[in-house]
Structures are given as structure tokens and as C-alpha cells.
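This report covers side-chain packing, with attention to aromatic rings and nonpolar cores. The sequence and structure come next.

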Amino acid sequence: MRVGKWALAIGVLLSVAGCVDQQHEVQQYRRILDADVAQATPPLMPGDELSLVRALLLANQDNESLAIRGEDYVQALNDKARAFANFLPTITLAPSYTIVDNSEAATTNAGQGRPVGTSGGFKEVGKTLRRFEAPVNGAANLFRGFRDLASLEAADWTIEQKRQLLLDAQSTLLLQVAQTYYNVLRSEANVEVLRESLKAQQERVRDAKGRLDAGTGKPLDLAQAEAQSASTRVTLVQAQGDVANARTLLAFLIGTREVSGPLREDYDVPADVGTVQDLLWRAWTGREDYKAAQAAVETAVANVRNAVGEYYPSISLNITGYLYREDFTDASKWNSLLAVNLPIFSAGVIEADVRTAWSVLRQDAMRQSLLRRQVEDEVRERYQNFLTSTDKLTELGAQIRAAAEAYRQARAGYAAGTAIFLDVLSAQDVLLNSQLELTTETFNRKVIYLDLLRTTGRLKLGNVQRAATRPTTRPAAMPADMEVK
């Protein structure tokens with residue numbers, strides 16, 4: 001009965017200790033990801049309108065890659081708790097119940113009138129000796145060559161590294177969602193232009209047939225018009241397939257089954273993004289992967305101190321007290337052990353640990369240096385791409401104005417009888433393609449700007465939400481009266 005009670009108590013203790021609040025564990029990294037999120041985003045239903053901000057919020061809310069990175073952060077927190085535990089004593093309850101065969105001794109001493117098999121605290125039960133003890137063991141590390149301090153500091157820097165890598169994964173996902181989102185818009189704009197162009201191609205075919213029937217046309221003109229119309233239909237089919245594939249990828253990234261509703265473009269790009277030097281400073285102070293590389297270097301420095309600490313002596317204290325022992329009058333109720341460990345010869349193991357720690361430090365320092373140069377190269381490249389895209393929009397505006405004027409004159413000439421209908425269709429086709437180029441470059445410029453934000457460590461949900469709340473202006477390079485209806 002006594003043994004059963006102890007077993008029951010230990011079982012209850014283990015069951016309570018094994019309970020973990022899973023929601024609390026997940027919330028430790030969700031608080032980082034949802035720092036700019038006011039409330040949960042409702043799921044996307046079929047046919048719902050989808051804005052860029054909502055797409056980013058849905059991706060941030062339900063994406064396995066972010067959860068995987070988040071668990072790395074949770075594990076780093078647990079590693080710190082494990083490192084901090086080295087400063088605290090450990091207390092363990094180690095009850096034992098021993099049964100020893102005593103049949104031979106019982107037969108030999110039978111009838112001699114003295115206790116049988118009671119040495120060592122054992123009690124005679126039939127032909128066996130039994131002993132029950134319930135010791136409580138306490139152990140504490142008094143000194144380990146400052147290795148515990150180094151381990152705790154390394155754990156702190158590892159937590160920071162995992163946190164920055166989590167934010168870096170978030171920024172990468174947001175950029176990928178934005179790129180796919182605008183890819184859908186570009187593909188849909190291409191489909192619309194191709195449909196209008198196909199109408200123009202079909203008008204050319206009818207015009208060529210009419211002139212051929214009237215005896216003023218050539219069979220070659222009709223064949224060329226039909227071939228161009230067929231080619232446009234093939235391109236239109238491919239463009240529609242691109243739209244479907246882009247929407248499928250977007251649905252995958254934001255964690256929904258489908259994106260079948262319209263996309264509402266509501267993101268505006270500021271006119272001035274600052275100088276390249278300002279952008280470089282922001283990247284070096286705010287880019288997540290670069291800050292993670294800095295934390296990795298600090299972790300390696302602490303690990304070097306930890307390895308060097310192996311040369312120092314270590315001191316530990318162990319105390320054992322007995323809650324219960326069998327009837328053993330001369331047995332002690334407690335004992336203690338103070339142990340000092342001084343490494344004299346370790347066969348080169350400690351030296352190898354120190355050399356490895358220094359090698360890892362040099363390696364992490366080189367990674368940080370390489371990443372710094374990569375960051376500078378990426379910032380300069382994205383900045384130049386943004387300036388180039390801005391200049392292209394200006395030139396495309398001039399191109400559209402010229403194409404719109406040519407289209408207007410072709411229609412006026414056709415109305416006055418000085419131009420043929422083919423001239424009107426050709427001018428309309430040129431204007432449509434010019435408008436497509438302008439729309440495409442407008443979306444490209446926004447993607448380039450978001451990539452620039454990602455490169456400088458500023459692609460955050462809060463920044464995108466604030467930009468989306470500003471009124472989105474129509475590109476000045478494409479006046480509404482120049483559109484082809």
C-alpha cells in the first residue's frame with residue numbers, strides 16, 4: 001500500500017508537469033507577426049473583392065512557412081530557459097523498492113533464534129529481503145568557469161536571431177504575395193487589351209473581305225488579316241491561362257481555396273523615396289536578415305567564451321535527504337558531496353572545442369560581411385530600377401498622347417473620306433498596346449517599390465496599410481479621354 005501511494009503521487013506529478021498550453025506557445029510568435037494587425041481578417045469567400053492589403057493580411061494570418069519559422073523562435077525561447085536552469089539547483093525524488101532473494105539464508109539460519117537478513121536496512125518477508133527508500137536529491141553547479149553566463153548570453157542572441165529571421169520570412173512572403181497580386185492585374189490587363197485588339201483584327205478581316213468582294217482588294221491582304229486575327233486569338237488564350245495560374249498561386253499564398261472575385265488595386269507609391277544613402281542606412285539598421293546575421297556573430301562570440309571556460313575548474317554540490325527509510329537505526333538521514341573538477345588532461349578535446357568556436361565566429365563574421373555587400377548591391381539596384389520605371393512612365397505618357405492623337409486623326413480622316421478604315425484600326429491597335437505598356441509599367445513600378453521596401457527592411461503590414469488608405473490617383477500619363485472605348 002505504501003509503495004502504491006508513492007507511485008500514484010509520482011504519476012499525478014508527472015501528468016501535471018507534462019501539460020503544455022499550446023495556444024500560449026503559438027501566441028509567442030504570433031504576437032510578433034501580428035504587431036501591425038488590429039483584428040483577425042475574415043476568410044475570403046468565392047466572388048469576394050480582394051485588395052492588396054487584405055491579401056497580405058490573409059497570407060500573414062495563415063501560412064505554414066511563417067509558422068515553421070515561428071516554432072524556431074519558440075524553440076530558442078526554450079533553449080534560453082534551459083540555459084537559465086544551469087543557475088538553479090535541481091531537486092529530484094527518487095524512491096526505490098528493492099527485493100532480494102533470501103531463501104538460502106533463511107534455510108541456513110532456521111531455528112537459531114536471531115533476526116535473519118536485516119543488515120543494510122532490509123526487512124525479511126518470507127524468503128526475500130525488501131527495502132523501501134524515498135530520497136530527495138538536490139544538485140547545484142556552484143561554478144563552471146563562467147560557462148553558464150556565456151550560454152545564457154548566447155541564448156539571448158539566438159532568440160534575437162530567430163526573431164529577425166521570422167520577420168524576414170514575413171517580409172519575403174508579403175513581397176511574394178504582392179508580386180503575384182500585381183501579376184494577376186498585369187495578366188488581366190493584357191487579356192482586356194487582347195480582346196480589344198482581337199475586335200480590331202476581326203474588323204480588318206471584314207474590311208479585307210469587303211474590299212476583295214468589291215474588286216479593290218487582294219487575296220493576300222485577306223490572308224494576312226486572318227492570320228493576324230488567329231495569332232491574336234492564340235495569344236488571348238495563353239493570356240487567359242496565365243490569369244488562371246496567377247490566381248491559383250495567389251490563392252495558395254494567402255491560404256484560401258480560390259480567388260475568383262475582382263482585385264481592387266488601392267496601393268499608392270510615394271513620389272519621392274529618398275536618396276540612395278538614406279536607403280542604405282535604413283537597410284543596415286532595419287533589414288531583418290542583416291540584423292539576424294549580426295545576432296549570429298554575437299552568439300558565436302558568446303560560444304567562444306563558453307568553450308574557453310572549459311579550461312576552468314568546476315564546482316558542484318549534491319545533497320541527499322531521505323523522506324523515508326526502512327528500520328535501519330544506524331543509517332544516516334542525509335548526506336552531501338562537494339565536488340571540484342579541474343581539467344588537467346583532456347586529450348585535446350577542449351582545445352578542439354575552442355578552435356571550432358573560433359572557426360564558427362570567423363564564418364559568421366564572413367557571412368555578415370558578405371550579406372552587407374549584398375544588401376548594398378540590392379538597394380542600389382532596386383533604387384535604380386525605381387528611377388528607371390519612373391522615367392519610363394513619363395515617356396509612356398508621351399507615347400500615349402501621340403498614339404491617341406494619331407487615333408483621333410485617323411477617325412477624323414475616315415469620317416472625311418481621306419483615310420481608309422484600316423488606318424483607323426491600326427491606330428487603335430497602337431493606342432491599345434501603348435495603354436497596356438503604361439498599365440504594366442505602373443504595376444511594375446509598384447512591385448519595384450515594394451521590393452525596395454523589402455530590401456531596406458520596411459515592408460511591414462502597417463506601412464502597406466497606411467499607403468493603401470491614401471487616395472489612389474490615376475496615372476497622370478494616361479488621361480481618361482485618351483482611352484479606347
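## Aromatic pairs

In this predicted model, Phe-143 is partly exposed, at a relative accessible area of 25%. Phe-146 is exposed, and its relative accessible area is 53%. The centres of these two rings, Phe-143 and Phe-146, are 5.2 Å apart with the planes at 90°, so the pair is edge-to-face. Ring pairs also bring in Tyr-312, which forms a cluster with Phe-143 and Phe-146. The count of aromatic pairs comes to 8.

Another of the pairs joins Tyr-267 and Tyr-449. Tyr-267 belongs to the loop between β6 (263-264) and α8 (276-286), whereas Tyr-449 is in helix α11 (residues 421-455), so the pair ties together parts that are 182 residues apart in sequence. Tyr-267 is buried, with 1% relative accessibility. Tyr-449 is buried as well, with a relative accessible area of 9%.

## A charge over a ring

Trp-284 has the charged end of Arg-372 over its ring, at 3.8 Å from the ring centre.

## Nonpolar cores

In soluble globular proteins, nonpolar side chains tend to be buried together. Here the largest nonpolar core has 61 residues. Leu-50, Val-177, Tyr-181, Tyr-182, Ile-254, Tyr-267 and Leu-450 are the residues with the most contacts inside this core. Helix α6 (residues 147-213) gives the most to the core, contributing 13 residues.

Which residues is Ile-254 in contact with, leaving aside its neighbours within four places in sequence? They are Leu-44, Leu-50, Ala-55, Leu-58, Ala-59, Asp-62, Val-177 and Val-259. Of these partners, Leu-50 and Val-177 are also listed with Ile-254 among the residues with the most contacts inside the largest core.

## Helix α3

Helix α3 (residues 52-61) is mostly covered, with 9 of its 10 residues buried. The buried residues of α3 are Leu-52, Val-53, Arg-54, Ala-55, Leu-56, Leu-57, Leu-58, Ala-59 and Asn-60. Among them, Ala-55, Leu-58 and Ala-59 are in contact with Ile-254.

Note on methods: Residues are numbered from 1 along each chain as its sequence is written. This is a predicted model: local features need pLDDT of at least 70, side-chain atom pairs count only at pLDDT 80 or more; totals for chains, interfaces and linings use all residues. Side-chain values use heavy atoms; hydrogens and water are left out. A nonpolar core is a set of buried Ala, Val, Leu, Ile, Met, Phe, Trp, Tyr and Cys residues joined through side-chain atoms within 4.5 Å. Buried means under 20% relative accessible area, exposed over 50%, partly exposed in between (1.4 Å probe, protein chains only). Helices (H or I, at least four residues) and strands (E, at least two) are DSSP runs, numbered from the N terminus. Contact means heavy atoms within 4.5 Å. Rings of Phe, Tyr and Trp (its six-membered ring) pair if their centres lie within 6.5 Å; planes under 30 degrees apart count as stacked, over 60 as edge-to-face and the rest as tilted. A charge sits over a ring if NZ of Lys or CZ of Arg is within 6 Å of the ring centre and within 35 degrees of the ring normal.
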